[in-house]
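Please read this briefing alongside the sequence and the coordinates shown below.

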Amino acid sequence: MRNSKIILVGYSGHGLVVAEALLLSGKIIVGYTELNEKKSNPLDLTYIGNEIEFIATPFFDKHSYIIGIGDNTKREVLTNELGTEGLINAIHPSALISQFTQLGLGVFISARVVLNANVSIGDGVICNTGAIIEHDCNLGKFCHIGPGCILGGGVNIGERTLIGLGARILPNVNIGNDVVIGAGSTVTKDLPDGTTAYTDIKFKIK
């Protein structure tokens, strides 16, 4: 039986944001894992080593954990290696989440995110700062919704897809797996798996 104390897997920029959300929610972080100890440690967390070395150890087995890594594929690989037992969600206390929202495991919901009614969030999803996910959206496993994004009602996002910061997805649009949407883009139609799409805005500085 795992206790409520948490191991943070990954402690770079995104990991720091996840850690702060956990602490603001009253959670206890016993330490972080990285390949090497971080020189910058603003939250003064304890370094406990490389996560791969802890998979079969009693220390890892008795604690909960969350992955604080922004790369979608790496997050998926680590989740598969570490398993879902003990995997928790990190939710910033300022997030607004409908009681009718369904959350998977290993989900991170950042500050001031809005998740409206009948939204489904898959395992390992990141909803970053200030994102708005409207009613009836479905977010596939290990996708990343960037800061300030807005998803209209009924949008479907595939697995490992990255929606760049400030992007807008119109209602009822379907976006496939492993898609990359550029920052500030507006998506008006369905996109198949593996697409890279962005709005190219050219301007001159006077």
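In this predicted model, tyrosine 11 has a relative accessibility of 3% and therefore counts as buried, the cut-off for that class being under 20%.

**Aromatic pairs**

- The ring centres of tyrosine 11 and tyrosine 32 lie 4.6 Å apart and the ring planes stand at 45°, so this pair is classed as tilted.
- This pair connects distant parts of the chain, given that tyrosine 11 sits in the loop between strand E1 (3-9) and helix H1 (13-24), while tyrosine 32 sits in strand E2 (residues 29-33), 21 residues apart.
- Tyrosine 32, with a relative accessibility of 0%, counts as buried.
- The rings of tyrosine 32 and tyrosine 47 have a centre distance of 5.3 Å and planes at 45°, so this pair, too, is tilted.
- Because tyrosine 32 belongs to strand E2 and tyrosine 47 to strand E3 (residues 47-49), their pair ties together parts that are 15 residues apart in sequence.
- Tyrosine 47 has a relative accessibility of 25% and is therefore counted as partly exposed, whereas tyrosine 32 is counted as buried.

- In strand E4 (residues 63-67), five of the five residues are buried, so the strand is largely enclosed by the rest of the structure.
- The side chains of His63, Tyr65 and Ile67 point one way from E4, and those of Ser64 and Ile66 point the other way, with all of them buried.
- Strand E4 pairs with E1 in the parallel sense, and the pairing extends over five bridges.
- Within E4, isoleucine 66 is the residue that stands opposite leucine 8.

**The open sheet of five strands**

- Five strands form an open sheet in the order E7-E10-E13-E16-E19, and their pairing is parallel.
- At the edges of this sheet stand strand E7 (102-103) and strand E19 (174-175), each of which has a single partner strand, so that one side of each is left without a neighbour in the sheet.
- The pairing of E7 with strand E10 (residues 120-121) is in the parallel sense and comprises two bridges.
- Leucine 103 has isoleucine 121, in E10, as its bridge partner.

Technical notes:
Residues are numbered from 1 along each chain as its sequence is written. This is a predicted model: local features need pLDDT of at least 70, side-chain atom pairs count only at pLDDT 80 or more; totals for chains, interfaces and linings use all residues. Side-chain values use heavy atoms; hydrogens and water are left out. Rings of Phe, Tyr and Trp (its six-membered ring) pair if their centres lie within 6.5 Å; planes under 30 degrees apart count as stacked, over 60 as edge-to-face and the rest as tilted. Helices (H or I, at least four residues) and strands (E, at least two) are DSSP runs, numbered from the N terminus. Buried means under 20% relative accessible area, exposed over 50%, partly exposed in between (1.4 Å probe, protein chains only). Two strands pair if DSSP finds at least two bridges between them.
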